[in-house]
Amino acid sequence: MDFPGGKRFCFSILDDTDDATVVNVKPVYDHLFKCGLRTTKTVWPMDCPEGSRHFFAAETLQDKSYCAFVHELVSRGFEVALHGATMESSPRERTLRGLQFLQDEFALSPRLHCNHAFNKENLYWGLQRLRSPLLRAIFRLVWGESGDSYEGAKESSPFFWGDRCLAQIDYVRNFTFTKLNMLEVNPEMPYRRADTAYVKYWFSTADVEDVDAFNRHLTVERIDELEARGAVCIISTHLGKGYARNGKLNAETAKRLEYLGAKAGWFAPVSEVLDHLRSQRQRDPIMTWMQTAKLEYRYFFDKVFRMLERQRRHVLTD
């Protein structure tokens, strides 16, 4: 894999906005900028007047100070992406208002979208992510997942917005993994699927929930390994979950980012990374049945591993 400017590997962060406020993420972004790391931040453009049990602490672009902060990020070269219109389920009308707000406020149409939690407007979410009948049955039995709860691609639903996604959004996140190098996990990405007509391209990322997981996964040794392997590393995380407290970035995280930024890496927002991956291939095929099955089963075994690992850490800390 060749990278722009003769760089040896690629690294980016996709920040889910779930717990984000100006206070708890600005120190992180200030340090990312200082280290030369341009990344992607998802946002919620609209307020949630009905309230949210789990995500009430986050700020939206209707907060003036938060909106000003995101303007600053844009001016610094960070990418703004969509995490739904707001923190809870949004009918089509609110989703379209959110997209229009981004156009009016920032003169941009987001190129990347991440489904959020259990929002009904999520596209091809839950069991709809899986083509394997066996895996659908396992996920329904073990994790209680459903294929009927998500209606973003259902034309008869009041939550439908698949047509606008297809028209405006280039990339939608799908599976996440514990591995950091996406070339080892999903070398076809960004990929197309014949059965998801309203999504142009899907992509995968590493899954790092919070600051403790980030520091645990992104060790100096693993950063060196990313460089040595010519890796493409995209980490999905929540920069609002413990990365900064009392206005100060976690000291260990700061060291990792500084070490990373000093490497010969290409540090670009996620959409730029995915554009580059597409430019490196001669054709743009749809995922085959075998490629799709391989990716889905890899995701299944990774999910089982993560569940067991959480249980192990829980036992060790009791």
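Which residues lie nearest the centre of the largest pocket?

1. The model is predicted. In it, Thr 176, Asp 207, Glu 209, Lys 303 and Arg 306 lie nearest the centre of the largest pocket, and the lining counts 42 residues. The volume of this pocket is about 1,300 Å³.

2. Helix 11 supplies the largest share, 8 residues.

3. By class, the lining of the largest pocket has 16 charged, 15 polar and 11 nonpolar residues.

4. The second largest pocket holds about 160 Å³ of space. Its lining consists of Val 74, Phe 78, Glu 79, Val 80, Leu 108, Ser 109, Pro 110, Arg 111 and Ser 271. Of these, 5 are nonpolar, 2 polar and 2 charged.

5. The protein contains 11 helices and 10 strands. Its radius of gyration is 19 Å, close to the 20 Å that the globule rule gives for 318 residues, so the protein is as compact as a globular protein of that length. Along the principal axes, the C-alpha atoms fill a box of roughly 50 × 50 × 45 Å.

6. Of the 318 residues, 55% are buried, that is, under 20% relative accessible area. The accessible surface comes to about 14,200 Å², and carbon and sulfur atoms account for 53% of that surface.

7. On contacts in the protein: among those between residues at least 6 apart in sequence, 82% join residues at least 24 apart.

Note on methods. Residues numbered from 1 in each chain as written. Predicted model: local features only at pLDDT ≥ 70, side-chain atom pairs only at ≥ 80, totals over all residues. Heavy atoms only, no water. 1 Å grid on protein atoms, 1.4 Å probe; cavity = no way out; pocket = protein on both sides within 12 Å on 5 of 7 lines; lining within 4 Å. Points joined across faces, edges and corners; volume = space filled by probe spheres on them. Helix = DSSP H or I, 4+ residues; strand = E, 2+ residues; numbered from the N terminus. Nonpolar A, V, L, I, M, F, W, Y, C, P; charged D, E, K, R; others polar. Rg over C-alpha atoms; globule rule 2.2 N^0.38 Å. Buried < 20%, exposed > 50% of the residue type's maximum accessible area, 1.4 Å probe, protein only. Contact = heavy atoms within 4.5 Å. Areas by Shrake-Rupley, 256 points an atom, 1.4 Å probe, with all protein chains shown as cover.
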